[in-house]
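Hello,

Here is the structure I promised to pass on to you. Please have a look at it first, and then read on for what turned up.

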Amino acid sequence: MNTKPSITKRTQDELAQIIIDNLDKNVVPWRSSTIMTASGGIRNYVTQKEYAMLNSMICAIYLKARKQTHPFFLTFKQAMDLNLRIKKGAKSCPIAYFSQI
């Protein structure tokens, strides 16, 4: 089974820059035990489904870069369905969608 992730060039560049910035500070962002072990790992808040390896790593890197430790994520639509407000200026975290090719 072949799969192809859908990550844009801009997202790849942004993620690479976060990794480089952290490595320059001698921080390995994907080795955060508090993030990776909280509630069993990084997961979707609504479905409680744990993210797979790549998405889990991406989320962990973004959480570390933003100095956050919560392991839960929502899509914009899920937040709207729950009548939640998104703070002005809030930043998103990209998630790779995989499909069979």
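A word on terms before the findings: two residues are in contact when they have heavy atoms within 4.5 Å of each other. On that basis, residues 24 or more positions apart account for 73% of the contacts in the chain with a separation of 6 or more.

Please keep in mind that this is a predicted model, where local features need pLDDT of at least 70, side-chain atom pairs count only at pLDDT 80 or more, and totals for chains, interfaces and linings use all residues. Residues are numbered from 1 along each chain as its sequence is written, and side-chain values use heavy atoms, with hydrogens and water left out.

On confidence, pLDDT is the predictor's own score for each residue, from 0 to 100. The chain averages 78, and 78% of the residues score at least 70. Among the elements, helix 4 (residues 76-81) has the highest mean pLDDT, 94, while helix 2 (residues 33-37) has the lowest, 51.

The chain has four helices and four strands. Read from the N terminus, the order is β-α-α-β-α-β-α-β.

Next, burial. I call a residue buried under 20% relative accessible area, exposed over 50%, and partly exposed in between (1.4 Å probe, protein chains only). By that rule, 27% of the 101 residues count as buried. Accessible areas come from the Shrake-Rupley method with a 1.4 Å probe, and for residues only the protein chains shown count as cover. The accessible surface of the chain is about 7,500 Å², with 56% of it belonging to carbon and sulfur atoms.

Now to the inside. In soluble globular proteins, nonpolar side chains tend to be buried together. A nonpolar core here is a set of buried Ala, Val, Leu, Ile, Met, Phe, Trp, Tyr and Cys residues joined through side-chain atoms within 4.5 Å. The largest one has 13 residues, and those touching the most other members are Leu15, Ile42, Cys59, Tyr62, Phe73 and Cys93. Two or more residues each come from helix 1 (9-24) and helix 3 (53-65). Helix 3 provides the largest share, six residues.

- Asp13 and Lys9 meet at 2.9 Å, N to O. They are four residues apart in helix 1, so about one helical turn separates them. Asp13 is partly exposed at 39% relative accessible area, and Lys9 is exposed at 57%.
- Lys77 and Asp81 meet at 3.0 Å, N to O. These two are also four residues apart, in helix 4, and therefore about one helical turn from each other. Both Lys77 and Asp81 are exposed.
- Arg43 and Glu50 meet at 3.3 Å, N to O. Arg43 is buried, with 13% relative accessible area, whereas Glu50 is partly exposed at 40%.

The loop between strand 2 (43-44) and helix 3 deserves a look too. Gln48 lies in this loop and is partly exposed, at 38% relative accessibility. Beyond four places in sequence, Gln48 is in contact with Arg43 and Phe72. Gln48 and Phe72 are 24 residues apart in sequence, with their C-alpha atoms 8.4 Å apart in space.

Tyr45 is in that loop as well, and is partly exposed at 46% relative accessibility. With Val46, Leu74, Leu82 and Leu84, Tyr45 makes a nonpolar surface patch of about 420 Å². Patches are built from residues with over 30% relative accessible area and no salt bridge, joining like charges within 9 Å and nonpolar side chains (Val, Leu, Ile, Met, Phe, Trp, Tyr) within 5 Å.

What does Gln78 touch, not counting residues up to four places away in sequence? The partners are Asn44, Val46 and Thr47. Gln78 itself sits in helix 4 and is buried, at 16% relative accessible area.

Best wishes

How values were computed: Salt bridge = Lys/Arg side-chain N within 4 Å of Asp/Glu carboxyl O.
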